[in-house]
Amino acid sequence: MTRARICVIGAMDEEIAEFLSHAKMLNIVERRSFRFHEASLFGVPVVVVKCGVGKVFAALIAQTLIDTYQPAAVISTGVAGALSKSLRIGDVVVGRDSAHHDMDARALGFMRGHIPYTDFRFFTTDEKFSELALAARLDGGHKIVHGRILSGDQFVSGDREATHGHLTGELSGDAVDMETAAIAQVCAVNETPFVSIRTISDHADGSAHIDFNTFLPVIASNSFHIIRKMLVGISEQ
Ligand code: ADE
């Protein structure tokens, strides 16, 4: 397969495990340390890849996927820390938009998150794919919300008021991760539709590291269930 319709990126094995176990695998391309799984998933041609943690790996893989497969859309899947107090572990945030919370050129007069000398601050998500995601339902009473995902090369934990008030204040974030905005930026530059689907694994607080390790293997599948609904919807169109 040289053209895949949808590319799915997760940072860690746990975040792509269910995609691989449900996929009808067609080919695995190994490039450098990455494995590009070309497959059919619920009737849709896909490429699933683990990019590794952080914005550089995420951007590298997003650009490689776009150059290689010219996808109809890129989906970022995985977990995130909750910033909004109404979110519980296992709830899912469908990115309405995203920004780099560690982009800070305020000393030059730019707002936090604004990439200097560009129009980029918040990257909006593809509406059609967001709608498909928001129409899904989850078991166990978990919510699916449309929200703002902030990304940075930092696992956010500790005392929210003391160290990261700007994430909910200035940047009005609902959830925080380490890849979404990087992939969104690459997709924006390449005019490729993008959506991020992130399940809450922790509250980005003093217990974040414990919750993350406890819940990651269990609840990453909530993102998968939503993307499954999206792919089924696409294959029926
Ligand atoms: N991904 C999941 N939880 C996170 C957190 N607290 N900070 C950054 N990325 C995360």
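View 1. The chain exposes about 10,400 Å², and carbon and sulfur atoms supply 52% of that; accessible areas here come from the Shrake-Rupley method with a 1.4 Å probe, and for residues only the protein chains shown count as cover. This is a predicted model, so local features need pLDDT of at least 70 and side-chain atom pairs count only at pLDDT 80 or more, while totals for chains, interfaces and linings use all residues. Residues are numbered from 1 along each chain as its sequence is written, and side-chain values use heavy atoms, with hydrogens and water left out. Look for seven helices and ten strands in the chain; helices (H or I, at least four residues) and strands (E, at least two) are DSSP runs, numbered from the N terminus. The C-alpha atoms fill a box of roughly 50 × 45 × 35 Å, taken along the principal axes. With 237 residues, a compact globule would have a radius of gyration near 18 Å, and the chain agrees with its 17 Å; this radius is taken over C-alpha atoms, and the globule rule is 2.2 Å times the number of residues to the power 0.38. Of the 237 residues, 54% are buried, where buried means under 20% relative accessible area, exposed means over 50%, and partly exposed is in between (1.4 Å probe, protein chains only). Take the contacts between residues at least 6 apart in sequence: 77% of them join residues at least 24 apart, with contact meaning heavy atoms within 4.5 Å.

View 2. A polar backbone atom of Gly81 is 3.2 Å from a nitrogen atom of the ligand, and a polar backbone atom of Val156 is 2.8 Å from a ligand nitrogen. Asp202 uses its side chain, with a polar atom 2.6 Å from a nitrogen atom of the ligand. Polar contacts are pairs of N or O atoms within 3.5 Å; within protein, one must be able to donate a hydrogen and the other to accept it, and residues adjacent in sequence count only if both atoms are side-chain atoms. Taken alone, the ligand exposes 260 Å², and the protein buries 97% of that.

**View 3. Helix 1 and its buried face.** Helix 1 spans residues 13-22, and Glu15, Ile16 and Phe19 are buried in it. Down the helix axis, these buried residues fall within an arc of 60 degrees, so they line one face of the helix; the arc is that of the directions from the helix axis to the C-beta atoms. Their cover includes strand 1 (6-10), strand 3 (34-41), strand 4 (44-50), strand 5 (73-82), strand 10 (194-202) and helix 7 (208-236).

**View 4. Ser201, tucked into strand 10.** Ser201 sits in strand 10 and is buried, with a relative accessible area of 1%. Leaving aside its neighbours within four places in sequence, Ser201 touches Val79, Ala80, Ile89, Asp211, Phe212, Phe215 and Ile219.

**View 5. Helix 6 and the residue just after.** Helix 6 (residues 180-189) is mostly covered, with seven of its ten residues buried. Those buried residues are Thr180, Ala181, Ala182, Ile183, Ala184, Val186 and Cys187. Just past the helix, Glu191 takes a positive phi of about 50 degrees. Most residues other than glycine have a negative phi.

View 6. Val56 lies in helix 2 and is exposed, at 62% relative accessible area. Gln70 is in the loop between helix 2 (55-69) and strand 5. Though not a glycine, Gln70 has a positive phi of about 45 degrees, and at 38% relative accessibility it counts as partly exposed.

**View 7. Arg32, out in a loop.** Arg32 has its place in the loop between strand 2 (24-31) and strand 3. Arg32 is exposed, with a relative accessible area of 70%, and its phi is near 50 degrees, a positive value in a residue other than glycine.
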